[in-house]
Amino acid sequence: MSIDVLNDEMVRSMSIGAAFTDYAGKINSLDFHRKDDLLVTASDDDSIRLYDIANAKLLKTTYHKKHGTDRICFTHHPSCVICSSRRNMESKESLRYISMYDNRCLRYFKGHKEKIVSLCMSPVNDSFMSGSLDHTVRLWDLRVNACQGLMRLRGRPTVAFDQQGLVFAVAMEAGAIKLFDSRSYDKGPFDTFFVGGDTAEVCDIKFSNDGKSMLLTTSNNNIYVLDAYGGDKRCGFGMEPSEKATIEATFTPDGQYVLSGSGDGTLHAWNVNTRNEVACWSSHIGVAGCLKWAPRRVMFAAASTSLTFWIPNPAP
């Protein structure tokens, strides 16, 4: 179904089309492939699972007992992922480039000394970024073991590329968001924003597909849509707090809607232009710590200790 047809009524009609409840632990992160109908998850049960989202089918499961699985993202290749470790951090083998096809580690990326809390792949080339509780952001290239760039900063770093790969954002302490030119980041940020009045740590950043808006989720479950050019706050929404889980928010591909989990186990959707809430659902899986809308489909995935695919429910 085409993304072009999204409206309030269709968003409101979304409901669970498939559920996968066979995880033996919390799902830590999930990612859609940009071009293929694939989704990957990383879970506390040490599994990486690959799904066909067009047919709601599990394609492959691999287990990673030595390092565990935490943050995950696709590379450009549909069967290759980057995954961060939950264990053996002292070996500094904190990031792995994994082929799901033959369950082989193609490369280790060593450097981070603490848990990685943010991971993103460039949409245009083989570079990717990671942010860690060791207060560093590192830039990498899939083809090279060594770190290509390093930033030391205060607070819990969160990183994101824009959809054109030209700009990346780094969030740090006191709600500061710094924007860098991907090709000359060593010259420092070209802009710095502050989320006025909210000094909670930013735990997730996403750019809208058109690059005009940024979506921030904070550790106290506030969600903000900012103008990506001037940093002005377009709208903000407060969710119920969640003690042991952070929540995730997501844009729809047209940038017109924002969806989010909440500490009370509900999911919410808002129209960014009218700022109205258009839907509130029970997640049916408790607090959804992972939530992403598919890049090319009218569907989203929400996860806690189970994974759910949401699709429009056609009117009878």
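Select Arg96, which lies in strand S8. Strands here are DSSP runs (E, at least two residues), numbered from the N terminus. This is a predicted model, in which local features need pLDDT of at least 70, side-chain atom pairs count only at pLDDT 80 or more, and totals for chains, interfaces and linings use all residues. Residues are numbered from 1 along each chain as its sequence is written, and side-chain values use heavy atoms, with hydrogens and water left out.

Is Arg96 buried or exposed? Arg96 is buried, because its relative accessibility is 3%. The classes are buried under 20% relative accessible area, exposed over 50%, and partly exposed in between (1.4 Å probe, protein chains only).

Now show the backbone of Gly68. The side chain of Arg96 reaches the backbone oxygen of Gly68 at 2.6 Å. That is a polar contact: a pair of N or O atoms within 3.5 Å; within protein, one must be able to donate a hydrogen and the other to accept it, and residues adjacent in sequence count only if both atoms are side-chain atoms. Next, show what Arg96 touches, leaving out residues up to four places away in sequence. Among them are His64, His67, Val81, Ile82, Cys105 and Tyr108. Contact here means heavy atoms within 4.5 Å.

Zoom out to the sheet. Four strands form an open sheet in the order S6-S7-S8-S9, with antiparallel pairing. Two strands pair if DSSP finds at least two bridges between them. Strand S6 (72-74) and S9 are the edge strands, each pairing on one side only. From one strand to the next, the twist averages 20°. Angles run from 0 to 180 degrees between N-to-C directions, and axes are lines fitted to C-alpha atoms, for helices over the stretch in contact.

S6 pairs with strand S7 (residues 80-84) in the antiparallel sense, over three bridges. Select Cys73: its bridge partner in S7 is Ile82.

Go to the loop between strand S8 (95-99) and strand S9 (104-109), and pick Asn103. Asn103 is not a glycine, yet its phi is positive, about 50°. Most residues other than glycine have a negative phi. Asn103 counts as partly exposed, because its relative accessibility is 38%.

Now for aromatic rings. The whole structure has 14 aromatic pairs. Rings of Phe, Tyr and Trp (its six-membered ring) pair if their centres lie within 6.5 Å; planes under 30 degrees apart count as stacked, over 60 as edge-to-face and the rest as tilted. Select Phe109 and Trp140, an edge-to-face pair at 5.6 Å centre to centre, with 65° between the planes. Phe109 is in strand S9 and Trp140 in strand S12 (residues 136-141), 31 residues apart. Phe109 is buried at 0% relative accessibility, and Trp140 is buried at 1%. Then select Phe161, Phe168, Phe180 and Tyr185, a cluster linked by ring pairs.

Last, select His268 in strand S24 (residues 266-271). His268 is buried, because its relative accessibility is 10%.
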